[in-house]
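This report goes through one protein model, a few parts at a time. Please keep the sequence and the 3D view open while reading.

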Amino acid sequence: RYYFRPRRDITAEASEAGSGTHQARCSWRRAWASQKSKAWHEHSFPERMFEGLVRRRVLRHMAAPTRRLKSSLALFSDEEYASRLRMTREAMDRRGIDVLIVTDPANMSWLTGYDGWSFYVHQAVIIGPEQQQRYPLFWGRAMDAKGALRTCYMAPENILGYSDDFVMSDRRHAMSNLAELLHAFGWGKRTVAVEMENYYYTARAHAVLSSNLPAPPGDATGLVNWLRSKKSPAELKLMRRAARIVERQYEVILNEIDVGVRKNALVAQIFQSGIQGACDTDGEAFGGDYPSIVPLTPSGADASAAHLTWDDRPFQPNEGTFFEIAGCHRRYHVPLCRTVFLGEPPKEMREAEAALLEGVEAGIEAAKAGSTAGDVARAFHAILHKHDIPREGRCGYPIGLSYPPDWGERTFSIREEDETTLEEGMTFHFMPGLWFEDWGIEITETLLVKAEGGAECLAAVPRKLFKK
């Protein structure tokens with residue numbers, strides 16, 4: 001139960017000495033012995049002796065992986081990851097945070113490249129003081145450390161795993177392991193912050209971590225999320241591919257939906273086309289990923305509810321079905337909603353379609369760099385008010401990189417009171433669905449804020465109520 005202490009900036013020296021376990025250990029010891037840093041002298045002699053014991057026990061019992069296979073899953077350059085880390089540290093400095101514990105898997109991936117279905121157990125990316133730890137640390141279940149080795153950009157010594165007896169145990173908790181790790185690094189008494197409003201950071205996790213530190217961690221919710229708002233050119237390339245995938249999915253929907261077709265059979269084809277992927281404009285083929293939200297496909301009266309999935313009943317005549325789906329490529333999403341009516345749509349649905357299309361167009365025109373999220377919402381609601389259509393709730397949210405259970409980035413919202421300034425490179429799902437007493441209609445767009453003019457629609461699917 002002893003864990004790694006930071007080796008300050010000696011990882012490069014260890015790497016130069018070779019990747020073998022013995023060579024890395026020897027290089028680590030030589031580098032440590034040669035350092036006469038202020039942080040070292042601040043400890044009393046007994047404390048230094050204890051920390052030395054901890055380090056020796058750590059190297060023997062919890063050594064990091066010693067070999068890194070070059071990953072075929074790497075998405076971005078080391079320079080882009082370095083830029084993201086720099087922005088994160090600057091945001092930490094503004095908030096007075098010394099150590100940031102990131103548990104949102106989308107934020108973990110954005111910072112390190114990690115990608116794996118391991119967010120059901122405790123894991124984190126830890127950003128410590130730059131003068132002690134140059135790179136982020138991946139901390140997670142030991143069996144997932146190999147996944148980090150394959151997907152993270154950092155060297156192996158920055159990837160740490162805890163043993164399986166911490167997993168789903170009522171005798172011990174992984175956060176006690178993390179707390180001991182922080183103490184071993186000399187960070188236990190520093191200003192630590194966590195993402196408290198987070199699907200993946202539980203109340204018990206916070207209680208255990210807090211009880212093992214001198215003071216409870218502060219709240220850094222949204223710190224990394226906000227940094228992700230503006231997409232880089234490399235990220236936009238992935239999102240444009242996701243847009244090609246969702247276009248292909250709607251081709252399948254419009255070809256295959258019909259009276260008598262079982263809904264689960266159509267959803268199976270939606271999944272298949274989404275994972276099969278599509279082609280770039282230059283003909284290069286690429287595959288799809290699993291979306292963070294499953295297809296939402298309610299019909300008839302069920303479409304008055306926004307978030308129902310599917311069943312095994314056949315589609316019925318004279319019913320409308322809205323499809324809320326997303327193309328997903330390398331975890332980057334482009335959601336898109338359209339509605340299909342089997343038969344002749346009733347007059348009230350056609351009237352709602354006309355108002356919705358006019359409102360969406362007004363919102364797209366208002367989504368300019370320098371405008372606010374509230375400007376977009378007010379432009380849309382002004383059209384609904386003109387048509388005497390009541391609506392409550394927000395009508396959009398930022399999207400991009402995400403993991404289940406949601407594809408939103410959880411920062412600003414397209415609502416009238418949100419005065420977040422839109423900037424070039426921001427992406428959001430403009431999602432002004434209308435849900436009435438016994439039916440609903442959704443026609444939405446994923447938008448990219450441009451330097452000039454209205455926003456760009458990333459996907460090219462006809463914007464209308466489809467009739468079949």
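## After helix α14

Which residue just after α14 takes a positive phi? The model is a predicted one, and in this model the residue is Asp 388, with a phi of about 60°.

## The protein as a whole

The protein has 468 residues, and 55% of them count as buried. Its secondary structure consists of 14 helices and 17 strands.

Contacts can also be sorted by separation along the chain. Of those between residues at least 6 apart in sequence, 70% join residues at least 24 apart.

## Helix α14

Helix α14 covers residues 373-386.

The buried residues of α14 are Ala 373, Gly 374, Val 376, Ala 377, Phe 380, His 381, Ile 383 and Leu 384. An α-helix has 3.6 residues a turn, so residues three or four places apart point the same way.

## Thr 427 in strand β12

Strand β12 runs over residues 427-430 and includes Thr 427. Is Thr 427 buried or exposed? Its relative accessible area is 0%, and the cut-off for a buried residue is under 20%, so Thr 427 is buried.

The side chain of Thr 427 has polar partners. One is the side chain of Lys 231, with which it makes a polar contact at 3.1 Å. Another is the backbone oxygen of Ile 399, which lies 2.8 Å from a polar atom of the Thr 427 side chain. Leaving aside neighbours within four places in sequence, the residues in contact with Thr 427 include Ser 229, Leu 236, Met 239, Pro 398, Leu 447 and Leu 448.

## Helices α11 and α12

Helix α11 (residues 233-256) and helix α12 (residues 263-276) have axes that come within 9 Å and cross at roughly 150°. Angles over 145 degrees count as roughly antiparallel, and α11 and α12 are therefore roughly antiparallel to each other. The crossing of α11 past α12 is right-handed.

Which residues make the contact? From α11 they are Ile 245, Arg 248, Gln 249, Val 252, Ile 253 and Glu 256. From α12 they are Leu 266, Gln 269, Ile 270, Ser 273 and Gly 274.

How values were computed: Residues numbered from 1 in each chain as written. Predicted model: local features only at pLDDT ≥ 70, side-chain atom pairs only at ≥ 80, totals over all residues. Heavy atoms only, no water. Helix = DSSP H or I, 4+ residues; strand = E, 2+ residues; numbered from the N terminus. Buried < 20%, exposed > 50% of the residue type's maximum accessible area, 1.4 Å probe, protein only. Polar contact = N/O pair within 3.5 Å; in protein donor to acceptor, adjacent residues only side chain to side chain. Contact = heavy atoms within 4.5 Å. Expected span 1.5 Å × (residues − 1). Axes fitted to C-alpha atoms, helices over the stretch in contact; angles between N-to-C directions. Parallel < 35°, antiparallel > 145°, perpendicular 65-115°, else oblique. Left-handed = near helix turned anticlockwise from the far one by under 90°.
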